[in-house]
Amino acid sequence: MAKKRPQTKARRPQLTDGELPVVGAREPCPCGSGRRYKACHGRAAAQATTELVQRPFEGLPGECDWVALRELVPAATVELTLKDGLPEGVPSVTLATVLPMAWPALRRDDGSVLLGLQNDTASGDLSRDLADTLQRALTARPGTPVQGRRAPADGPRLQDLLDPEGAFRPEVHAGFEFWVPDPENATPEVTASLERANAAAIPTVRLQGVDSAYWCETPEKNHLRWVMPHEEERLLDALARLHAAGRSSLGEGTRLVGSFRAHGLTVPVWDLPSEVTAQDIEKPAAEFAERLAEALATDAPLSADERRARGGLTNRQVTLS
């Protein structure tokens with residue numbers, strides 16, 4: 001066999017990461033390495049946009065409520081405060097659980113912005129995707145929706161855009177009338193769309209006496225879903241101590257049945273009798289919060305009964321995200 005002719009390597013100009021143009025995955029990397037883009041600089045870019053961020057809302061005011069509105073609450077809105085203030089021509093920015101047609105965002109005719117929370121995202125960092133959508137909504141033409149896209153790997157996150165001292169006060173709605181400025185005078189098509197959406201919404205109420213706890217009504221029984229900020233293992237230990245001692249319920253006919261995992265936080269769930277309303281559960285929830293604080297402060301090893309209770313609670317965990 002003939003010997004392969006040695007290849008001469010011409011010296012190519014090297015580009016910095018910031019100068020690299022976007023090319024196809026199979027094209028030569030523009031940095032001059034001689035490798036395909038996907039095996040060179042494209043590898044880091046892909047990893048940056050797909051790596052899962054376990055707690056995307058960490059550091060934001062109301063992290064637990066962000067999780068609740070993303071995963072548990074059908075219809076709710078929150079007024080957002082931007083770190084640098086509102087741009088000219090944008091009277092308000094409102095976070096909404098979901099928007100018509102599952103739009104990621106909407107710039108209304110008056111210039112105000114609605115940002116949808118319950119949407120599929122292209123990367124593993126929900127905060128970065130939402131920040132990218134928000135930035136594009138702020139400059140969109142009034143009266144137009146904003147479509148989703150993969151956010152730039154070096155783009156800002158919500159933590160970079162929102163005021164860290166801004167209040168986060170969710171307003172839970174019975175339906176989706178907040179979609180339109182004047183629902184009473186909406187067109188028949190819009191009215192029919194609202195009726196369909198409202199019919200599918202589970203009645204939900206945010207408790208006032210404790211943080212990030214949401215009562216909801218279902219046909220067979222009611223539930224309390226309580227998003228908690230505590231580290232998971234420590235919280236499960238505390239819940240197990242209370243459960244083993246018969247102190248984990250919220251009153252007669254109620255019981256702690258398990259928990260969700262969502263965006264790095266744990267969400268204990270209680271079954272409630274169908275006649276128990278959100279108002280009925282306010283006082284029991286506040287009393288449970290006091291018992292939980294005591295259990296969280298205990299460092300003693302779990303007893304045999306507490307370990308069994310913890311095993312049962314762990315087996316009844318469901319991961320939402």
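**Helix packing and buried residues in a predicted model**

Residues are numbered from 1 along each chain as its sequence is written, and side-chain values use heavy atoms, with hydrogens and water left out.

Trainee: What percentage of the residues of the protein chain count as buried?

Mentor: Buried means under 20% relative accessible area, exposed means over 50%, and partly exposed lies in between, using a 1.4 Å probe and protein chains only. Of the 321 residues of the protein chain, the share that counts as buried is 45%.

Trainee: Among contacts between residues at least 6 apart in sequence, what percentage join residues at least 24 apart?

Mentor: A contact means heavy atoms within 4.5 Å. Among contacts in the protein chain between residues at least 6 apart in sequence, the share joining residues at least 24 apart is 61%.

Trainee: Is α6 roughly perpendicular or roughly parallel to α7?

Mentor: Axes are lines fitted to C-alpha atoms, for helices over the stretch in contact, and angles between N-to-C directions run from 0 to 180 degrees. Angles under 35 degrees count as roughly parallel, over 145 as roughly antiparallel, 65 to 115 as roughly perpendicular, and the rest as oblique. Helix α6 (residues 232–244) and helix α7 (residues 278–296) pack with their axes 9 Å apart, at an angle of about 115 degrees. Therefore α6 and α7 are roughly perpendicular.

Trainee: How many charged residues has the contact of α6 with α7?

Mentor: From α6, the residues are Arg234, Leu235, Ala238, Leu239, Arg241 and Leu242, and they meet Phe288, Arg291, Leu292, Ala295 and Leu296 in α7. Ala, Val, Leu, Ile, Met, Phe, Trp, Tyr, Cys and Pro count as nonpolar, Asp, Glu, Lys and Arg as charged, and the others, Gly among them, as polar. The contact of α6 with α7 has eight nonpolar residues and no polar ones, and its charged residues number three.

Trainee: Are α6 and α8 oblique or roughly parallel to each other?

Mentor: The axes of α6 and helix α8 (residues 304–315) come within 8 Å. They cross at roughly 120 degrees. The orientation of α6 and α8 is therefore oblique.

Trainee: Does α6 pass α8 in a left-handed or a right-handed crossing, and what is the hand of a crossing?

Mentor: A crossing is left-handed if the near helix is turned anticlockwise from the far one by less than a right angle, and right-handed if clockwise. The crossing of α6 with α8 is right-handed.

Trainee: What count of disulfides does the rule give?

Mentor: A disulfide is a pair of cysteine sulfur atoms within 2.5 Å. Cys64 is buried, because its relative accessibility is 9%, and Cys216 is buried too, with a relative accessible area of 3%. By the disulfide rule, the count comes to zero.

Trainee: How far apart are the C-alpha atoms of Met228 and Thr266?

Mentor: Met228 lies in the loop between β9 (222–226) and α6, and it is buried because its relative accessibility is 2%. Not counting residues up to four places away in sequence, Met228 touches Cys64, Leu235, Leu265, Thr266, Pro268, Trp270, Phe288 and Leu292. Met228 and Thr266 are 38 residues apart along the chain, and their C-alpha atoms are separated by 5.9 Å.

Trainee: In which strand is the place of Val146?

Mentor: Val146 is buried, because its relative accessible area is 4%. Leaving out residues up to four places away in sequence, Val146 touches Pro104, Ala105, Thr133, Arg136, Ala137 and Ala140. The place of Val146, in residues 144–146, is strand β5.

Trainee: Is Met101 buried or exposed?

Mentor: Met101 is found in the loop between β2 and β3. Its phi is near 60 degrees, a positive value in a residue other than glycine. Because its relative accessible area is 69%, Met101 counts as exposed.

Trainee: Is Ser212 buried or exposed?

Mentor: Ser212 is found in the loop between β7 (204–206) and β8 (213–217). Phi of Ser212 is near 60 degrees, a positive value in a residue other than glycine. Because its relative accessible area is 4%, Ser212 counts as buried.

Notes: Predicted model: local features only at pLDDT ≥ 70, side-chain atom pairs only at ≥ 80, totals over all residues. Helix = DSSP H or I, 4+ residues; strand = E, 2+ residues; numbered from the N terminus.
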